[in-house]
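Here is a briefing on one protein chain. Look through the sequence and the model first, then read the points below.

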Amino acid sequence: MTTTTSIQTLVDGPRNVVIKYEGTLTATDSAYYLVVDPSTLSDFDINGVKANRLHINKIVYDVEDLLTVNLLWQDATPSSNKIIWNLTGRGKVDARHFGGIINNGTPAPTGAITSSFDYEGSGQTLTFTIILELVKQHT
């Protein structure tokens with residue numbers, strides 16, 4: 001076993017989304033893992049338009065030592081994915097006071113958030129839990 005992840009949608013309303021993202025790693029893994037894709041979320045805005053992007057209001061995380069979870073804005077070309085935040089240890093990122101973290105860096109954004117991992121556990125089993133508070137955007 002190398003990597004297992006699970007995603008639980010806690011809230012999926014007309015504006016707000018809350019995602020719980022958990023995982024276990026036992027070895028280095030160079031794959032990208034989809035965290036949330038706005039096209040799969042429910043609810044439309046008042047004009048009947050489905051969200052095609054997200055911005056992040058808050059991240060709460062608990063990442064075991066020797067592991068880093070890299071959150072990225074997904075691009076049509078994975079090599080163009082842009083780092084949102086590298087999460088290690090325990091903490092929170094509260095971006096509400098300045099309007100949230102928006103995807104303004106990828107050349108061909110898909111609107112999705114993906115992840116990758118930096119693992120230094122030499123055979124150890126390492127775990128993480130991340131809560132993402134998101135806001136749907138209709139662009």
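**All-strand chain: overview**

The chain has zero helices and nine strands; helices (H or I, at least four residues) and strands (E, at least two) are DSSP runs, numbered from the N terminus. Along the sequence the pattern reads β-β-β-β-β-β-β-β-β. The radius of gyration is 15 Å, close to the 14 Å that the globule rule gives for 139 residues, so the chain is as compact as a globular protein of that length. That radius is taken over C-alpha atoms, and the globule rule is 2.2 Å times the number of residues to the power 0.38.

This is a predicted model, in which local features need pLDDT of at least 70 and side-chain atom pairs count only at pLDDT 80 or more, while totals for chains, interfaces and linings use all residues. Residues are numbered from 1 along each chain as its sequence is written, and side-chain values use heavy atoms, with hydrogens and water left out.

**Overall dimensions and packing**

- The C-alpha atoms fill a box of roughly 50 × 30 × 25 Å, taken along the principal axes.
- Of the 139 residues in the chain, 43% are buried. Buried means under 20% relative accessible area, exposed over 50%, and partly exposed in between (1.4 Å probe, protein chains only).
- The chain exposes about 7,000 Å², and carbon and sulfur atoms supply 49% of that area. Accessible areas come from the Shrake-Rupley method with a 1.4 Å probe; for residues, only the protein chains shown count as cover.
- Among contacts with a separation of 6 or more, 76% link residues 24 or more positions apart. Contact means heavy atoms within 4.5 Å.

**The four-stranded sheet**

- Four strands form an open sheet in the order β3-β8-β5-β6, with antiparallel pairing. Two strands pair if DSSP finds at least two bridges between them.
- β3 (33-36) and β6 (82-87) stand at the edges with a single partner strand each, so one side of each has no neighbour in the sheet.
- From one strand to the next, the twist averages 30°. Axes are lines fitted to C-alpha atoms, for helices over the stretch in contact, and angles run from 0 to 180 degrees between N-to-C directions.
- β3 is joined to β8 (residues 109-119) by three bridges, and the two run antiparallel. V36 has I113 of β8 as its bridge partner.
- β5 and β8 run antiparallel and share eight bridges. Here W73 stands opposite I113 in β8.
- β5 and β6 also run antiparallel, joined by five bridges. L71 stands opposite W85 in β6. These two strands form a hairpin with six residues between them.
- Eight of the nine residues of β5 are buried, so this strand is largely enclosed by the rest of the structure.

**The β1-β2 hairpin**

- β1 and β2 pair in the antiparallel sense over nine bridges. Three residues link the two strands in a hairpin.
- I7 has Y21 of β2 as its bridge partner.
- T5 is found in strand β1 (residues 3-12). It is partly exposed, at 32% relative accessibility.
- Leaving aside neighbours within four places in sequence, T5 is in contact with Y21, E22, G23, Y33, F117 and F128.
- T5 and V18 are 13 residues apart along the chain, and their C-alpha atoms are separated by 17 Å.

**The nonpolar core**

- The largest nonpolar core has 29 residues. Such a core is a set of buried Ala, Val, Leu, Ile, Met, Phe, Trp, Tyr and Cys residues joined through side-chain atoms within 4.5 Å.
- The residues with the most contacts inside this core are I59, L67, I113, F128, I130 and L134.
- Elements giving two or more residues to the core are β2 (16-25), β3, β4 (53-63), β5 (67-75), β6, β8 and β9.
- I130 touches I19, K20, Y21, I59, V60, Y61, V69 and L87, not counting residues up to four places away in sequence.

**V135 in β9**

- V135 lies in strand β9 (residues 126-137). V135 is buried, with a relative accessible area of 4%.
- Beyond its neighbours within four places in sequence, V135 is in contact with R15, N16, R53, L54, H55 and N57.
- V135 and G13 are 122 residues apart in sequence and 9.5 Å apart in space, C-alpha to C-alpha.
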